[in-house]
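Please consult the sequence and the structure shown below while reading.

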Amino acid sequence: MVQRMAEAKLTRRILLLALVARILVFGAASQGVFLIGEGRTQSNLAENLLSGNGFMLSGSMLHPEREAEANPMFQKTFEFFRRVDGYYGGLRPDTPTMFLVPGYAVFMASIYAVFGSGNFLAVRGIQLFLGLFTVLIGFRIARRFLSGKFLAFAGIFMALDPFELYYEAVPATQALFSLIFLISLLLSLKLLEESHSSRSMVLIAAATGFAWACSFYVRPVSLPLMIWMILLLPFADKIRQIFSMRRKRKNSLRRTEVFSMKGFSYSLVVLAVFMLLMLPWGLRNRAICGSFRIMPTQGGVNLWEYNGRIFTDHFENEVKGAKLLYGGIRREYLNNLNSPELAEFPEFRDESEWERDRILFERNTTFMLRNPVLTLRLISMRFIEFFKPFPLNSFSVLYTLAGLLSFFWILFFLWGGAVRCCISKGAGGFYIATGVAGYALMHLLTASGTPHRVAIDYPMSILAVVGVQYSLERYQSWRAARNA
């Protein structure tokens, strides 16, 4: 009872700290401090939804008003978009699109319906408000693995994480995705760790499937973590025993079946709810392209952006950070590529989004396989881009300091904390550690960067604090033994 009251008091303090931080950030956002970024694309999709045009991008997006005053990179980018008649090279304007999933555009459209079309400040404000719930959910996940001063430390980080605050102030998918993604993780942990009545577990399983479906509609990258949870769930009882510090003797281990039919039934509930919610999207896409599909058609473009594009003329006017990271490897390999023609973006004309996606995916996977050493080196570059604690482009020194002070320590303690969670925190610890590893690896193989990483900042911080706690405990034991 005393512990619950203490944790409730700590929760209120963490949320108050998070509220103050978000009020300050909203004040900065109201002064135009933060970029709009991909928000313009999502905003146009939202406006078309509101006007009854459906989920599509307007052709006017290929002719931005500010192009004349923009830098050479911006101008060349839109010349390229117009030449191939595709935003980002793949998103066809003035036609129903499958290039993006619709969750965030629907979110923006609902805000525009209340506050007026194009009201980016309202979007920022609501995202910052929802950020309080993101902190609360992250803190509830942390409570499953930490307590006392270590829980407080993790909570303070979540309340003030500058990367999460930044993306809550930017009209882009990251903030909404972080919230729904963490809700999905928390519900998944409940399924993996807790013992409820069968009826309660069925409801939790249904809610978990619903949450993962919602997260998919914002960013499909959540799909592999849902699949991993579904695969683990039938083995959760055995994992709880094997990876628990309180596990019993071998004879008791034999009494628990390796495969649980009850866990398998919960996996089926999660999958059934998820697929049911995918039906409208899949059927809509079937009407467009002739086949049932739920995945967006941007995978091929992403592969080209992070592999082939580096060795084409599109990279010449790239931003400073990209040149700093990839400039050396570009110079080294530019004239030593196998099948260099595969690195070029095809001169598309009237091809559909799904045809472009198929062609780009095939070309770029072939390019990567024919240049295996280069591919491994690009993955190492993406490792840097994914885990970097500060921006490589030109930003205020405050951005660099915030990243170093808040995130740099995570890189030291994350790995040990992940191992510790696997062996001492039960099925939930095993899932969080392996899920974070899988999420990171998935991006290292495809598309990387801070915007892709921010959703796992909170889980990584939990793993890192577990590492800090274990390191301090071992240090104290070493000092006690030395002084004995």
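## A buried proline

A residue is called buried when its relative accessible area is under 20%. The model described here is predicted. In it, P171 has a relative accessibility of 0%, and therefore counts as buried. P171 is placed in the loop that joins α7 (162–168) and α8 (173–193).

Which residues are in contact with P171, leaving aside its neighbours within four places in sequence? They are L35, I36, E38, G39, Y104, M108, F120, V123, R124 and Q127. For F120, the separation from P171 is 51 residues in sequence, while the C-alpha atoms of the two are 6.7 Å apart in space.

## Helix α6

Helix α6 covers residues 148–160, 13 residues in total. At 1.5 Å a residue the helix should span 18 Å, and the 19 Å between its end C-alpha atoms agrees with this. The buried residues of α6 are F150, L151, A152, A154, G155, F157, M158 and A159.

Most residues other than glycine have a negative phi. D85 has a positive phi, near 50 degrees, and D94 likewise has a positive value, of about 60 degrees.

D85 belongs to the loop between α3 (72–83) and α4 (103–115), and D94 also lies in the loop between α3 and α4. Are these residues buried or exposed? D85 is partly exposed, because its relative accessible area is 26%. D94, at 53% relative accessibility, counts as exposed.

Methods: Residues numbered from 1 in each chain as written. Predicted model: local features only at pLDDT ≥ 70, side-chain atom pairs only at ≥ 80, totals over all residues. Heavy atoms only, no water. Helix = DSSP H or I, 4+ residues; strand = E, 2+ residues; numbered from the N terminus. Expected span 1.5 Å × (residues − 1). Buried < 20%, exposed > 50% of the residue type's maximum accessible area, 1.4 Å probe, protein only. Contact = heavy atoms within 4.5 Å.
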